[in-house]
Amino acid sequence: MRYDSVLLVAFGGPTPGCCQKYNSDICPGEAYCFVEGITGAAESQKERVKDISAHYIKLGGFSPFNELTFTQADALETALQARNLLLPVYAGFRHWNPYLKEVIAEMAQKGHRKILGIIMAPHQSKVSWEWYQQTVKKGIDAVDGEKPTIDYLDPWYTHEGYIGAIAEIIETACGDKLARAELVFTAHAIPQSAADTSPYTQQFGKTGEAVAKQIGKTRFGLAYQSEVENSPIPWTQPDINDWLKARKDEGVDTVVASPIGFLCDHVEVLYDLDIEATETAEACGIDFIRAGTVGDHSKFINMLADFVYEKVAK
């Protein structure tokens, strides 16, 4: 068989359990350590770390990201079994346990040498694809003895399985409000300099265009969320909150937001859309409907399973 295992490569989120970065008597908590692990521990970043970790604390202190990714892995393994492919599916994270390095070491210890990787991000930029691949490479380089190899699935941001799953989720969320609702798609904001050197924003727009066509919408908006506040450099625009305020000025009374740049309902989606954007919409007198992410939707999982099957069958 061309591949002997599958690895979901994802960002990760804080879960209960001390990372032992700090002494127990001064430990600031998992959310703080998680955010600090992303931003770095420089003095200039401390306020930013506190601000972002407060989002996690408001939602209970942890993130459902990892558990939701494990659910996707289980669903994919089951879908592969239905295709008579008995490939184990692992999940590893760049920023929390189980770290990719640990998972790759486990896979190698179990004898896996030919890994098919799936980057759990629909749109490509340095931070959403290249850094993941670099982290995986470091994990493979750290393996003692015979090292596994890895190939990756190609991007699938306009594939009918992904688009169909998003469309169904929007239609279910809106019900009879869909016809009159203004449609907006969101993705994670990235530095404009990174957007200028990657296909990220173009791919995001193509996903939105394909979904809008699927549900019969001729008009839609694109907006970003999770921008670093008070950043000295420009980030992709418009922010979802600014987009909503502009719709108020146009007299729009119903909006459905679909976070197509995310694959599960983790804290950035739950906080940025369900709390901040919802509050903005309420202040603007807008009925705000937030559609879910694809998660383990059958069309999305079956799309991934078909891709894996095609790779293995070659």
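Predicted model: local features only at pLDDT ≥ 70, side-chain atom pairs only at ≥ 80, totals over all residues.
Which residues make the contact? From H1 come Ala-31, Tyr-32, Phe-34, Val-35, Glu-36 and Thr-39, and these meet Lys-46, Arg-48, Val-49, Lys-50, Ile-52, Ser-53 and Tyr-56 of H2. Sorted by class, the contact of H1 with H2 has seven nonpolar, two polar and four charged residues.

Now follow H2 to its other partner in this report. Helix H2 (residues 46–58) packs with helix H10 (residues 267–283) at an angle of about 85°, and the two axes are 10 Å apart. H2 is therefore roughly perpendicular to H10. On the H2 side you will find His-55, Tyr-56 and Lys-58, which meet Val-267, Tyr-271 and Ile-275 in H10. By class, four nonpolar, one polar and one charged residues form the contact of H2 with H10. Tyr-56 is named in the contact with H1 and again in the contact with H10.

| Helix pair | Angle | Axes |
|---|---|---|
| H2 and H10 | about 85° | 10 Å apart |

Finally, take a look at Thr-280, which lies in helix H10. Is Thr-280 buried or exposed? Thr-280 is buried, because its relative accessible area is 14%. Leaving aside neighbours within four places in sequence, Thr-280 is in contact with Asn-241, Leu-244 and Lys-245.

Definitions and conventions. Residues numbered from 1 in each chain as written. Heavy atoms only, no water. Axes fitted to C-alpha atoms, helices over the stretch in contact; angles between N-to-C directions. Helix = DSSP H or I, 4+ residues; strand = E, 2+ residues; numbered from the N terminus. Parallel < 35°, antiparallel > 145°, perpendicular 65-115°, else oblique. Contact = heavy atoms within 4.5 Å. Nonpolar A, V, L, I, M, F, W, Y, C, P; charged D, E, K, R; others polar. Buried < 20%, exposed > 50% of the residue type's maximum accessible area, 1.4 Å probe, protein only.
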